[in-house]
Amino acid sequence: MLTLALTLSCTKDYVESVSVEQQHAAKIIRMSDNNAVGSLIICFDDEAVTRVEAGVSRSESTRSGIASFDAILDKVGGSRMERVFISNRYEERLRSEGMHCWYVVYFDSKVNLDNAAAMFASVDEVSVVQLNSQIESIGGAEVPSVAAQPSSGSATRASKLYPAFNDPDLDKQWHYINIGDTNVFSGVKKGADINVGEAWDITAGDKRIIVAVVDNVVKPTHPDLAANMWVNEAEKNGVAGKDDDGNGYVDDIHGVNFVKFQYDGSTTLTENESDHGTHVGGTIAAVNNNGIGGCGVAGGTGKGDGVRLMSCQTFHEIPKTDPLFNTWPTGTDTGAARAFQYAADNGAAIANCSWGYPGRYTADSYFTPQNNLVRKGLDYFVKYGGGEVLDGGLPIFAAGNDKFDYPSYPGAYRDYICVTAMSCDYTPAYYTNYGPGSTLAAPGGDYLQKYYTDYTGENNSSVYSTRYTDGANYGYMQGTSMACPHVSGIAALAISHSLQLGKKLTSLELRDILARSTHSIDQYCTGTKHSANGSSVVTAQLSTFKGKMGVGYIDAFKTLMNVEGIPCVTVRTGNRVTIDLSDVIGGNPTSMTDKDGYSTISVAMSQADRSKLGVEGDIVISKTGKLQLKCTKPGSAIATITFIAGGNAVGSNEATGGMLVSCKVAILSRSFATNGGWL
């Protein structure tokens, strides 16, 4: 009996000990082994955070006011601790979301992170310990970049792609308007683009819309970007070294450098590291119709009406041996979370995110608990972003360039837009990630081999945009990083058009509109293709991508039609096709002598729109709601259908017991006429 009692007593002590250790371990959130040394993210419980705030204030950021926690700080060589989400004029809503509970602690970089995390997790007042994971730009050796000199020519020379604009390099931007120029690639396919020319006829942007570029820096002094940079007027016209607008940052005229802010408190943007971010920013909103360089998707008409770019510098492109930033070679969770808070607090509607986490996270259920801090920042942006133009912010992410059958997180998470990459011939880019979590595709470029022989350095089939490399202001890059800003630009155009119509979209409505404004890519996923990766040839089996690139490739014009509520019909170029209007208008078509239902009378299309589609012959509409036409060119146009709803037809424009009604239908002519649909 004594032996049994002793055994049970020891067992009880062991179980209790294991239970405590397990409870501590459950507090620790790990990502991969790619974590910033010398720092950890701590979330304190609600009751303790008041003591922490007082302790940090008294000690000038070196103590928490919790004895057990501070003892561990001493043990690991703690140098400072600070709140992750910066206190500012929105403090009340920050506290309501629990964002005041998150802190980052800095300590000796030689300390083992797992050991430090276990020690901090043992403190009762700590609810979460998170390793400060590093984020990476969607780039790498598989995505080479080529600098280019801008085209020369008169500032008044019209583009052959879009004559209304005089930007000389627009003709290099096949990804906007693809006319089938074989100088891009011998196998180029006309219409493999975002169809933005047709959208520009409606809107080219609105300066009230702010797009946060969460990337490395967007160069604010670039000659083709400066006029479309977001300007914090309070800081620009305020006192140097002072937080003039109360947003928690000093002298943030065009945005914030969140990497340096973590290191030395500086907010200054670092222009000489702006290659990736500047290329991305140029695709969104390089100034249109200004006689230099190329265009941006939402860059305006040259009258000061382009959308505004907010630079949220979240990672650096500095070698790891750099003496100043040797522990911050890329970016971290801390900087990314702060960037989303900043974007929301300063009025951004869209966050363009051409970055992700290294490694493979294959399900939302695995990703979500692994990344609480950045989720916290993203949730805040989704809820409070949008400024005056959108009810909530919309994050748009690149899928990644690893050729994985799962896209990178955070982009793959179900609440965000995740963009895969397409080439100039409609095929998936060889490098793109794909699979569950992918939302839609956009042109990302592809170093396609012109003659499928040895690599010859062709780069015309990649994406042309603004850059800052070795003094060159323009150049070619490829990647889902380049596909992503096409979608951000189209999203900005959608908001612009909604403002024209006098309505305000929610971020959820905008997300759904984008996903419905696509064309299928599956029919191009057959056979093989050859691309260049450095000096080697890469062969991609295209069937691998079928059904896994998202719902299809994005169409800017179709997006604006969906904003307006105009139904869209996609027809195959070169074929005489029949469109059943009952699928578009709804209801029950009848003959002209029947009662009830509707009776079609006429279809009208302007000569300019007929020319866009290359319409041959008559557009015929039957008494039972069947429309027939033949389009010889890829393009988009509007047809106006007039019909009688109910009753009998008396004359060509009269009805007995019925109503004369007209509606618009958008006709989109494409090489293949399979519509995309929502997931």
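Keep in mind as you look that the model is predicted.

Let's begin with two helices that lie against each other. Two packed helices are described by the angle between their axes and the distance between the axes. Here the pair is helix α9, residues 275-285, and helix α13, residues 480-500. Their axes are 8 Å apart and meet at an angle of about 35°, and the crossing is right-handed. On the α9 side, the contact is made by His-276, His-279, Val-280, Thr-283 and Ile-284. Look at how those numbers are spaced, and recall that an α-helix has 3.6 residues a turn, so residues three or four places apart point the same way. From α13, the partners are Ser-481, Met-482, Pro-485, His-486, Ser-488 and Gly-489. What kinds of residues make up this contact: nonpolar, polar or charged? Four are nonpolar, seven are polar and none is charged.

Next, find helix α15, which covers residues 556-564. Eight of its nine residues are buried, so the rest of the structure largely encloses this helix. The buried ones are Ala-556, Phe-557, Lys-558, Thr-559, Leu-560, Met-561, Asn-562 and Val-563. Both ends of α15 are worth a look. At the start, Asp-555 extends a side-chain oxygen to within 3.0 Å of the backbone nitrogen of Phe-557. After the helix comes Gly-565, with a positive phi near 85°.

Glycine brings us to the backbone angles of other residues. Most residues other than glycine have a negative phi, and most peptide bonds are trans. Asn-289 is not a glycine, yet its phi is positive, about 60°. You will find Asn-289 in the loop between α9 and β9 (308-313), and with 24% relative accessibility it counts as partly exposed. Lys-403 also is not a glycine and has a positive phi, in this case about 65°. Its relative accessibility is 37%, which makes Lys-403 partly exposed.

Lys-403 sits in the loop between β14 and β15. Pro-410 is found in the loop between β14 (394-398) and β15 (417-422). Which residue is joined to Pro-410 by a cis peptide bond? The partner is Tyr-409, and omega for this bond is about 10°.

Now visit another loop, the one between β6 (146-148) and α6 (196-200), where Asn-178 has its place. Is Asn-178 buried or exposed? Asn-178 is buried, with a relative accessible area of 5%. Leaving aside residues up to four places away in sequence, Asn-178 touches Val-188, Lys-189, Lys-190, Gly-191, Ala-192, Asp-193 and Cys-424.

Finally, let's turn to the cysteines. How many disulfides does the structure hold? It holds zero. A disulfide needs two cysteine sulfur atoms within 2.5 Å. Cys-101 is buried at 2% relative accessibility, and Cys-353 is buried with a relative accessible area of 0%.

Methods: Residues numbered from 1 in each chain as written. Predicted model: local features only at pLDDT ≥ 70, side-chain atom pairs only at ≥ 80, totals over all residues. Heavy atoms only, no water. Buried < 20%, exposed > 50% of the residue type's maximum accessible area, 1.4 Å probe, protein only. Helix = DSSP H or I, 4+ residues; strand = E, 2+ residues; numbered from the N terminus. Contact = heavy atoms within 4.5 Å. Polar contact = N/O pair within 3.5 Å; in protein donor to acceptor, adjacent residues only side chain to side chain. Axes fitted to C-alpha atoms, helices over the stretch in contact; angles between N-to-C directions. Left-handed = near helix turned anticlockwise from the far one by under 90°. Nonpolar A, V, L, I, M, F, W, Y, C, P; charged D, E, K, R; others polar.
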